[in-house]
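User: I'm new to this one. Can you walk me through some of it?

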Amino acid sequence: MTIELRADERFDMLYRDEIQIIQSHSVFSFSLDAVLLAHFANPRNGGRGTTVDLGTGNGAIPLFMAHKVTGQIIGVEIQPRLADMAQRSVQLNELSDKIKIINKDMRDVFVDIKPGSVENVVSNPPYFEATEKSHKNPNQHYAIARHEIKADLNLVTHTAKKLLKSGGHFFMVHRPDRLFEILDALRDNNLIPKRIQFVYPKVGKEANIVLIESIKNGKLTGAQILPPIITHQDNDEYRDEVLAIYEGRA
């Protein structure tokens, strides 16, 4: 399928060149966090039900997860430019039968998705609080993607709870320095953490990413702390296990 690019856009190839995604330096591109989250997420019931990606950006996570599910993936994105890029990437990869992109504030998503009907929710939300002292990027696209301007931790976790069936799974990536806030927000919304995995940039460095799987109305017991992921070698190149995830071999 032929998809036209804007002047500032490009095609990037992923997963052994099986997936193409439209990206632009003018808006926030996906990062390693999205790749790791898509790999970490194990959809409930083999992915036969609906999976929702809150804050899908340019659609990276739905594209990376398409091979994991047999049901529908819905990406929700508030920024029109990013939602348009995501939709065109879906068309480019001929995945319109599996992936739907909704350009809405997640507060309004229940017009399109019935509460309590979703099997899995994933999210790579903004990491940084939006305070008067926050140093925000002057590019509004980047600022919204990185700071809690349009959606904060409480909104994301509350929306996930409202979307999910009882027993549904919520997969999220975030920053370890906000771990206690994250755990409080999850528990406040009856999303009980079950799997936690820390990601480290190099051996001997502090963790800079945390992956968390929670279950709506789950039992308080049975949590697992998974082995760590270390992303880079000392020469700053990706380690083999991370390359395997990027290339769809893991």
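**A walk through the model**

Analyst: Leaving out residues up to four places away in sequence, Thr56 touches Pro62, Gly75, Val76, Glu77 and Ile101; contact here means heavy atoms within 4.5 Å. This is a predicted model, where local features need pLDDT of at least 70 and side-chain atom pairs count only at pLDDT 80 or more, while totals for chains, interfaces and linings use all residues. Residues are numbered from 1 along each chain as its sequence is written, and side-chain values use heavy atoms, with hydrogens and water left out.

User: Where is the place of Thr56?

Analyst: Thr56 sits in the loop between β3 (51–54) and α2 (60–65). Helices (H or I, at least four residues) and strands (E, at least two) are DSSP runs, numbered from the N terminus.

User: Is Thr56 buried or exposed?

Analyst: Thr56 counts as buried because its relative accessible area is 5%. Buried means under 20% relative accessible area, exposed over 50%, and partly exposed in between (1.4 Å probe, protein chains only).

User: Next, Gln197. Which strand is Gln197 in?

Analyst: Gln197 belongs to strand β8 (residues 191–200). Its relative accessibility is 12%, so Gln197 is buried.

User: What does the side chain of Gln197 reach?

Analyst: The Gln197 side chain reaches the backbone oxygen of Pro227, at 2.8 Å. That is a polar contact: a pair of N or O atoms within 3.5 Å, where within protein one must be able to donate a hydrogen and the other to accept it, and residues adjacent in sequence count only if both atoms are side-chain atoms.

User: And what else does Gln197 touch?

Analyst: Beyond residues up to four places away in sequence, Gln197 touches Phe40, Ile209, Val210, Leu211, Leu226, Pro227 and Ile229.

User: Which side chain does a polar contact join to that of His169?

Analyst: The side chain of Glu213, at 2.5 Å. Glu213 is also among the residues that His169 touches, which include Arg44, Glu119, Asn120 and Ser214, when residues up to four places away in sequence are not counted.

User: Now helices. At what angle do α5 and α6 pack?

Analyst: Helix α5 (residues 153–163) and helix α6 (residues 179–188) pack at about 35°, and their axes are 9 Å apart. Axes are lines fitted to C-alpha atoms, for helices over the stretch in contact, and angles run from 0 to 180 degrees between N-to-C directions.

User: Which residues make the contact?

Analyst: From α5 they are Leu153, Asn154 and Thr157, and from α6 they are Glu181, Ile182, Ala185 and Leu186.

User: What do the buried residues of α5 pack against?

Analyst: They pack against β3, β6 (118–123), β7, α6 and β8. The buried residues of α5 are Leu153, Leu155, Val156, Thr157, Thr159, Ala160 and Leu163.

User: And α3, what should its residues span?

Analyst: The 13 residues of helix α3 (residues 80–92) should span 18 Å at 1.5 Å a residue, and the end C-alpha atoms are 18 Å apart, so the two agree. The expected span is 1.5 Å times one less than the number of residues in the helix.

User: What follows α3?

Analyst: Glu94 follows α3, and its phi is positive, near 55°. Glu94 lies in the loop between α3 and β5 (99–102), and at 57% relative accessibility it counts as exposed.

User: How about Asn217, what is its phi?

Analyst: Asn217 has a positive phi of about 65°, although it is not a glycine. Asn217 is in the loop between β9 (209–216) and β10 (224–225). Its relative accessibility is 45%, so Asn217 is partly exposed.

User: Last one: where is the place of Ala207?

Analyst: Ala207 is in the loop between β8 and β9, and it counts as partly exposed at 22% relative accessibility. Not counting residues up to four places away in sequence, Ala207 touches Pro176, Phe198, Val199 and Tyr200.
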